[in-house]
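Me: I have a structure open and would like to go through parts of it. Can you take my questions as they come?

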Amino acid sequence: MPASIEFRGVSVDGILHDLDLRIGAGEAVAFIGRSGAGKTTSLRLINGLATPSRGTLLIDGAAPRDFIPLRRRTGYIIQGSGLFPHRTVYENVATLPRLLKWDEDKSRDDAKRLLDQLGLPFEKFATRYPRSLSGGEQQRVGIARAIIARPEILLCDEPFGALDPIVRRELQDAFTAIREERNATIVFVTHDLAEAMRVAERVIVFDQGRIVADTAARELPRHDAPAVRALVAAASLPS
Amino acid sequence: MSANIARATGEHVMIVAIAVVVAILIGVPLGVWAARRARAGGAALRVVDAIQTIPSLALFGFLIPIPFIGGIGMRTAIVALILYSLLPVVRNTVTGIRGVEPSVREAGVAMGFTPRQLLFEVELPLAMPSIVAGVRIATVTAIGVATIAAAIGGGGLGTLIFRGVAMVDTRLILAGALPAAALALIADVVMTMIERRLIR
Amino acid sequence: MKRLWLVVLLFACSKQPIVVGSKNFTESDILGELVAQKLEASRCTVDRRLHMGGSLICDAAIASGSLDAYVEYSGTALTAILHQPATTDRGAVDRTVTAAYAKRSLRWGPNLGFNNTFAMIVRRDYAQQHGLRAISDLRKVQSEVRPGFGYEFVERPDGWPGLIGRYHLDVAAPPKTMDLGLTYKALAAGEIDLIAGNSTDGLIDSLGLVALADDLHYFPPYDAAVVARTDIDRKCSGASAALASLASTIDDATMRRLNYEVDGKKRDVAEVVREFLSAPRGGGKP
């Protein structure tokens with residue numbers, strides 16, 4: 001079941017100032033803004049990789065005390081994928097199932113289905129090592145690894161940033177296709193406006209540690225905040 | 001004579017093996033601890049480094065008057081060898097663990113690994129080639145340093161070398177030196193093979 | 001001006017340093033220092049290589065010319081260096097050694113005046129406990145006694161191998177070997193039970209040790225004597241005369257006392273020797 005996320009007066013010294021934000025269960029939100037605007041830090045607060053200096057974070061209405069159980073219900077996809085180099089593709093994907101002590105056959109079946117869906121036929125890729133894969137292939141494995149255990153929350157930190165535009169587009173499509181069947185609350189950090197509008201319904205714009213816009217994705221080009229205008233102009237979106 | 005060589009070789013292998021195993025048991029956890037802490041870890045590395053700079057004969061000599069671990073004989077020799085073997089093991093453990101890609105470590109943390117799981121599932125396996133290299137260096141060094149153990153009654157192949165030097169008897173010297181060199185070579189080759197296997 | 005430099009050069013050349021060595025134990029250091037200071041008193045320049053190594057090392061050095069003089073013991077020269085069978089006939093030993101050394105361009109002598117034989121040493125309480133008074137008594141403890149020696153004694157034919165052969169000892173434990181100086185510490189600490197020390201050692205009494213009598217007269221005499229290269233006067237004209245003046249200057253008791261000054265009282269070797277040389281003759285204690 002997807003979880004709701006709420007920030008109440010959250011600050012991180014020097015980076016975020018008094019953030020108030022509510023994300024409903026099952027929503028897909030994009031965090032967007034310039035580098036250093038605070039979007040990545042906000043994302044990392046959700047699974048405890050960053051700590052607030054002030055304010056409260058609530059997941060499903062409760063402040064998490066121990067992040068480890070929460071992280072096991074949260075998918076985390078990053079640029080560069082962070083795949084374990086000493087494990088095969090299958091072992092990487094099956095990391096969380098193994099940790100959660102799933103049945104071996106169930107892991108196998110789910111991994112197979114996921115990898116096939118993501119365009120990496122299981123028979124060809126299961127026993128390969130990450131270093132023998134291209135950047136795009138690695139990131140597909142990263143996606144599979146993050147969502148195989150049906151997380152309540154899916155956090156993505158510029159996952160397609162280091163890939164070329166064609167591969168990036170393919171992955172965005174694969175991502176949207178997959179996430180429709182996996183019911184999770186999604187927070188997607190990106191600096192690419194077009195990508196934000198493709199993967200999310202709601203876009204939150206950060207500037208200098210504050211939220212300056214929070215609208216439906218398709219309303220964004222019409223927004224009048226200066227930071228948003230600058231983003232739209234830079235992205236040269238078709239209007 | 002060959003019985004002497006066989007016994008001396010056996011003693012030599014034994015004191016080196018015990019010392020290296022204990023150095024691993026102390027050094028790897030110490031290295032893991034030091035890798036996590038920048039300042040205390042740096043201090044620990046400096047201490048271990050300083051021990052290595054003490055000339056081996058002097059270190060054996062220092063240990064003699066210390067109660068429990070000192071005195072004359074194999075036990076003191078093993079203690080000295082452990083101290084000598086620590087630096088390569090600790091340093092290589094630190095390098096190996098710090099060398100784990102930050103994104104890989106973060107992926108593990110984000111997946112909900114406990115610190116212990118992170119250590120055993122991610123950090124140690126990735127640090128293993130470096131750690132084995134450290135063990136290899138420690139072993140080869142220990143085989144050489146162990147020849148000094150004979151000066152304090154520690155046994156081993158050094159006994160033959162010292163006797164040979166005292167009697168100006170080249171055959172005796174070689175009877176000690178050649179097996180020692182062979183042991184060092186074998187250890188180096190075997191461990192390099194293990195390292196290569198691990199780097200895959 | 002040029003003639004002056006020539007004279008200085010010639011002068012310097014005529015006074016090449018005499019290299020004096022010693023073996024790696026206190027008594028040998030003291031005797032080496034004694035030889036050195038005597039030579040210096042006769043205006044010779046001396047290069048000291050004390051505590052160099054064992055008997056064989058010093059012998060190899062003097063035979064090759066790297067050493068010019070050191071103090072050796074007659075029994076050691078006879079058995080370990082010349083590989084002759086041991087005998088207790090003092091005269092025969094002297095004659096054999098003197099003649100053999102002359103053939104090697106080495107002068108044997110003069111005798112310094114004392115005999116430092118190997119002493120098989122045990123702890124006093126160990127001796128009392130097992131009723132050990134002579135080396136033959138070791139047969140009573142041969143299955144459990146733990147011997148420990150320096151590298152030379154365990155290898156020399158007149159050392160451990162010959163001893164257990166002559167005394168028919170079947171010692172179960174193989175001897176531990178270590179630096180000679182450490183054997184006393186190890187014995188006193190109880191880590192070993194039997195060592196081969198020197199009869200003139202300074203620490204036997206003070207460490208609670210006792211020497212076992214050589215009842216089968218296994219060991220030959222070990223009269224201390226200066227060994228020097230026969231061409232030593234070429235390096236310094238007064239050298240041989242200086243060495244000859246050392247004849248019969250030290251008896252057993254004096255050697256033991258000098259050893260104790262260094263080993264027991266931890267005094268500096270050079271200082272002890274200086275004091276000895278400046279004291280009135282006749283072996284009087286200061």
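**Sheet, helices and chain contacts**

Reply: In this predicted model, chain C has an open sheet of 3 strands in the order β8-β5-β9, with antiparallel pairing. Strands are DSSP runs of E of at least two residues and helices runs of H or I of at least four, numbered from the N terminus; two strands pair if DSSP finds at least two bridges between them.

Me: Which are the edge strands?

Reply: β8 (195–198) and β9 (209–212) of chain C, each of which pairs on one side only. From one strand to the next the twist averages 50°.

Me: How many bridges between β5 and β8 of chain C?

Reply: There are 4, in the antiparallel sense, and β5 covers residues 118–123. C:F118 has C:N198 of β8(C) as its bridge partner.

Me: Which helix lies across β5, β8 and β9 of chain C?

Reply: Helix α9 (residues 180–188) of chain C, running at about 120° to β8(C). Axes are lines fitted to C-alpha atoms, for helices over the stretch in contact, and angles run from 0 to 180 degrees between N-to-C directions.

Me: How is it numbered, and what counts?

Reply: Residues are numbered from 1 along each chain as its sequence is written, and chains are lettered from A and ligands numbered from 1 in the order in which they are written. Local features need pLDDT of at least 70, side-chain atom pairs count only at pLDDT 80 or more, and totals for chains, interfaces and linings use all residues.

Me: Change of topic. Which residues of α12(C) are buried?

Reply: C:V269, C:V272 and C:V273. Buried means 20 or more other C-beta atoms within 10 Å of the residue's own, exposed means 12 or fewer, partly exposed is in between, and C-beta atoms are placed from the backbone. Seen down the axis of α12(C), the buried residues fall within an arc of 95° (taken from the directions from the helix axis to the C-beta atoms), so they line one face of the helix.

Me: What do they pack against?

Reply: α2 and α11 of chain C. The face turned away from the buried side of α12(C) carries the exposed residues C:E271 and C:S278.

Me: And which chains share the most contacts?

Reply: Chains B and C, of the 2 pairs of chains in contact. 13 residues of chain B are in contact with 19 of chain C, where contact means C-beta atoms, placed from the backbone, within 7 Å.

Me: Where does that leave chain A and chain C?

Reply: They do not touch, and their nearest C-alpha atoms are 49 Å apart.
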